[in-house]
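Please open the model in the viewer and keep the selection panel at hand.

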Amino acid sequence: MFSNSKSGLRACLRALVVLTVAVFSAAACNAADQLATYIQKVQPSELFEGADGFGPPQGEPPIAPVLRGGSVLGYAYLNSDFTASTGYSGKPIHIVVGITADGVVRGIKLVDHKEPIVLIGIPQTRVVAALNSIIGKDLGRVAAGLDRPPQVDIVSGATVTVLVMGDSVIRSAVKLIRSHRLDNKGSAQTPVVSEVKRVDDAKTGIEDWQALLGDGSIRSLRLTVGDVSEAFRTAKQDAAANNPEATSETERFIDLYVAPVNVPIVGRSLLGDTLYERLRKQLKPDQSAILVAGDGAYSFKGSGYVRGGIFDRIELLQDGQGLRFHDHDHTRIPTLAATGSPKLREIALFVVPKDFTFNITEPWELQLLVQRTAGAKKAVLPYNVGYALPDRYVKTDKVTQIGPTANPSAPAAETSPEAVGNETEPQLWIKIWDGSRTKIAITIGAILTLTAIFFFQDWLVRRPKLFGYVRTGFLVFTLVWLGWYANAQLSVVNVLTFANAVVSGFNWQFFLAAPLIFLLWAAGAAALLFWGRGPFCGWLCPFGALQELTNGLAKKLGVPQVKLPWGLHERLWPVKYMIFLGLFGLSFYSMALAETFSEVEPFKTAIVLKFARQWPFVLFALSLLVAGLFVERFYCRYLCPLGAALAIPGRIRMFEWLKRWPECGSPCQRCSKECPVQAIHPEGQINVNECIYCMHCQELYQDDQRCPHMIQVRLKREKFMALSTPESRGEAPAKKQKVEVTYKGAPIKKTESAPDQSA
């Protein structure tokens, strides 16, 4: 029977593999037909004025002629066919672009997206209006390197979405123009002998910080707050100029440093041998890595990457194309290895993706977008750090290329990701873990400490004062270090992402890319088998810790506590389960929509962004905390979908660690009345789905001054001890016999000394 089961399992797996291949094959075919599908949603006149039709799509990727009376006005194409257009939601943004033969954009139509921009009430028309600033721009000059890429207008609250849309339109247009498919000049196949520059890997060594700055290996941008305010004033943005980051105009705004660390001498000097070797093994042929470091009042990272995954304040520019780095391109570096290097607040290593055409030996720029709030809007000012690799790092080779697209600055051949394989893929998450050793060690230490607390809970709860200090200290650590410093706040979005990954294609590397989140999930999953949801909800959740600490402060200040009637309290429990099931079902329809509605969690506002967000989000989070001042852990009890998600599998726990006496619930009600979250039924049993494992009931269980059962045990013990003494039996206590010291039968008086034995 077991053999038949194994055969059946193998057959199911084979069927699953075949089905998966079929699904992906169908998806590939659908990708080829995307333009034909999406172009049906566009009127020709929306792309070109007076146009009345489309010609059949041609070529690969496809472009479709836009016609007026049979004459070709230009071409329509889909941005996602030519370049990556992944937005805030993690899904591609599809835009149909109308472009003339000489590279002028005439029309843009947003046809499909999954961006949760409705999250803060931003109408789509505002986003599209910002995107329309590209219309009329001559991207032919950008493709030729004569002009910089145009900047789209920033929409406050949808910065990431707008920047991704604008970047994808510009990059796709430049790529199409350079292919010469618009002007039909791509047919000649002429051999061209050209010089190709590349990094000379044979040159090695280590330089100190000043030497690297002196020879141009590191380029810098230094600004004061006054410099930036004056620049905004010159740009006639007085509201932004009058809203500086610091009161002192002479205070440092930012010191920004940029260097290519795939160059051996630069990389070894700044990263050290160990980190450089790991980076070198991770990089694919002709792939580059840029180190960006900064200090001052302004952060070049910003906060857009925390959830959106895109660094919206910096952009890599070369030959008219721009690249905004994603969080998976980024590795945090704690310190610089170069001798004499300054201590900098932010150090980031960015790997340039292979799908972005970039040559480190040709001039390039890193653009810093300075963002300031100007009333209800956000003002933006660009600063560019130009970089040209010093000649001593460059080696020139002569190569022969075929066709009109020969580019002297391009590498002779480009290796596709498929050809390279997945051999170096694990290196990214391994590098992330290696760069987060201190945080990982502290987190593991905290998890082990919590495990010890649970395993030795009986010893601790017998010492209530000590246990109170331990619990309060751990909650402070969870809130301040784990939450506000390390941003390790789990969310129901993690649960939804995991469930969708299991269905659509699971990849461990995606989850391993965030070490602390992974460790907390692993610890939480293991804890479900032993204790249920309590270890995470009661000890490791930063927002839960914030609620409990603020409620404790409120009690000390005399804020009255509200205890809901048991009937109402019990009927409010299911609310969080309904919220979770709604989000779970919605995620399979639209993950972006589920992420939008997951803002029912105040975690991002209160923990990740530390209340630095739009006022509706801050008001919502504060209202929940205010409710928690009167009803301890109000949000945890009734609204938290993450708690509900953990409670469901928590029912499979294998052990019962919380002890109860036969009298619990009948007649004694002390534990049920004193439980901070009312997780104990009046009948005495503990509802582990609601228990946060604060162990207050276990303190009472061991307390012979408050627990009725233990009081009876103490009284019996005292009575037994009393009956065991002679006085309790009515007997006179034995008189103490006097001990008399004698010498040769005669008593020795205290005042006399003993006679000499020799006498």
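Begin with the whole chain, which is a predicted model. Among contacts in the protein with a separation of 6 or more, 72% join residues 24 or more positions apart. Colour next by secondary structure: the protein comprises 33 helices and 18 strands. Then display the surface, whose accessible area comes to about 37,700 Å², with 59% of it belonging to carbon and sulfur atoms. Of the 759 residues, 48% count as buried.

Now colour by confidence. The mean pLDDT of the protein is 79, and 79% of its residues reach 70 or more. Select residues 542-556, which form helix α23; confidence is highest here, at a mean of 94.

Finish at the surface. Select Phe455, Phe456, Trp459 and Leu466: they form a nonpolar patch with about 430 Å² of accessible area together. Centre the view on Trp459, a residue of helix α17, which spans residues 457-461. Is Trp459 buried, exposed or partly exposed? Trp459 is partly exposed, because its relative accessible area of 45% falls between the 20% limit for buried and the 50% limit for exposed.

Note on methods
Residues numbered from 1 in each chain as written. Predicted model: local features only at pLDDT ≥ 70, side-chain atom pairs only at ≥ 80, totals over all residues. Heavy atoms only, no water. Patch = residues over 30% accessible without salt bridge, like charges linked within 9 Å, V, L, I, M, F, W, Y side chains within 5 Å. Areas by Shrake-Rupley, 256 points an atom, 1.4 Å probe, with all protein chains shown as cover. Salt bridge = Lys/Arg side-chain N within 4 Å of Asp/Glu carboxyl O. Helix = DSSP H or I, 4+ residues; strand = E, 2+ residues; numbered from the N terminus. Buried < 20%, exposed > 50% of the residue type's maximum accessible area, 1.4 Å probe, protein only. pLDDT = per-residue confidence, 0-100. Contact = heavy atoms within 4.5 Å.
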